[in-house]
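Please consult the sequence and the model shown here before reading the report.

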Amino acid sequence: MKIADYKATLSFSNGQPGIEMPVYKGSIGPDVIDIRKLYGQTGMFTYDPGFLSTASCQSAITYIDGDKGELLYRGHPIEQLATQCDFLETCHLLLYGELPNAQKKTEFTSLVTNHTMVHEQMQFFLRGFRRDAHPMAVLTGLIGGLSAFYHDSTDINNAAHREIAAIRLIAKLPTLVAMAFKYSIGQPFMYPKNDLNYAGNFLRMMFGNPCEEYKVNPVLERALDRIFILHADHEQNASTSTVRLCGSSGTNPFAAIAAGVACLWGPAHGGANEACLNMLEDIQKMGGVAKVGEFMSQVKDKNSNVKLMGFGHRVYKNYDPRAKLMQETCNEVLLELGLENDPLFKLAKALEKIALEDDYFVSRKLYPNVDFYSGIVQRAIGIPVNLFTGIFALARTVGWIAQLNEMIGDPEYKIGRPRQLFTGAERREVLALNKR
Ligand code: ACO
């Protein structure tokens, strides 16, 4: 049990005696009031829909300062990781707490690389889906299905099982995402090629075919690797909290990660990059940059239900640091592919400029988030729009696993079980059918 740094007093206006509660300081960030004994001492719950003021766990993995626009993985700024490290180094950092030295990097890379193939039977499972199935539906099924293929790594309470499940998930996600894509377009699956790096191997499995040699473009490889790094973890967001809650029942790691994938699918979360690109395409069809003003009026109209996708964030009330890095990558990729005059990129820039100057967005502290540019980069690389969230899931898998493993190792963890403020009917009797 933690020792309180100081105390908070809760008093009531109805004459009920007040209580003292411990307050803890984190290494950085807001202090937290420990309310675990609140119900026992007062018979009351707290009410916090959407967990706006609730810390659900203690964590040493990722820190976000939403006001500053700062993101740290294990203390390292995202800007340094994105420019000085690759994705597998970042995975090592998130999973084990430290960046690997040269020897550990080689060992970790070889460990992950040795698990890139999936069980051959997996393709028959995949073939049960319609060809036009949404890739997130396919991925939720395939990832949940991994637990049926790897019985030796399903005990979440066994550290060795958790370790091998972690490596399997990180290694196999690119293979599964690429298989889902190949299936949707009717091309043969490409087996992984282990002399390529993580991102290069994924590009080849996505865009290569058995008839020709595939040459990995280093600019695209680096762009994809950066997308993976930027999406690798983001503390207790909706999908990560889902993974933790799901895992808290003791379910196997594959099932918990499948739950995270399902949560990520939503347009307010991981589905935002798909929604953002669809939005840009819709505006383009309406008339492009000339229609930006009209579109913005709809966004600001409370009755329209139209949102500027890729803008706003629950935690960032400043520019999302990942969005800056993604914008840089976007420029590099478009230049490499000769798409500098891409109309959607121009449109995105026009929207961003207006939004950053408009009082509606400024007063609400709505800035571009990572999804605003990641869709354009992925589209330029050749990734279909409905696979964007699948790429996000691939990258976030390491964060989900690191968070899940941290939870299992925390002596204070309990099965998640929120309470409620009940507003329904009080006890009443069931009437006979002819009397209702
Ligand atoms: N466009 C227009 N208005 C917006 C937007 C937006 N994108 N985002 C927030 N607002 C407005 C809200 O209408 C609200 O206005 P009000 O105070 O007049 O009622 C105000 O800004 C505050 O918004 P909330 O919804 O309370 O903010 P919250 O923190 O709950 O929501 C969210 C954050 C869900 C991300 C929201 O900004 C949004 O829907 N953005 C678009 C979707 C998106 O890009 N999601 C990606 C998130 S990042 C990620 O998952 C990688």
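## Basis of the model

This is a predicted model, in which local features need pLDDT of at least 70 and side-chain atom pairs count only at pLDDT 80 or more, while totals for chains, interfaces and linings use all residues. Residues are numbered from 1 along each chain as its sequence is written, and side-chain values use heavy atoms, with hydrogens and water left out.

A polar backbone atom of A268 is 3.4 Å from a ligand nitrogen atom, and a polar side-chain atom of N369 lies 2.9 Å from a ligand oxygen atom. Of the 920 Å² of accessible area that the ligand has on its own, the protein covers 74% (Shrake-Rupley method, 1.4 Å probe).

## Cysteines

The count of disulfides (pairs of cysteine sulfur atoms within 2.5 Å) is zero. For C57, the closest cysteine sulfur is that of C263, at 15 Å, which is too far for a bond. For C246, the closest cysteine sulfur is likewise in C263, at 11 Å, again too far for a bond.

C57 has a relative accessibility of 23% and C246 one of 25%. C57 therefore counts as partly exposed, as does C246 (between the limits for buried, under 20%, and exposed, over 50%, with a 1.4 Å probe and protein chains only).

The model has two cavities of 30 Å³ or more. A cavity is a set of points, on a 1 Å grid over the protein atoms alone, where a 1.4 Å probe fits but cannot get out. The largest cavity has a volume of about 80 Å³, and its lining residues (an atom within 4 Å of a point) include L88, T109, Y198 and N201.

Conventions
Polar contact = N/O pair within 3.5 Å; in protein donor to acceptor, adjacent residues only side chain to side chain. 1 Å grid on protein atoms, 1.4 Å probe; cavity = no way out; pocket = protein on both sides within 12 Å on 5 of 7 lines; lining within 4 Å. Points joined across faces, edges and corners; volume = space filled by probe spheres on them.
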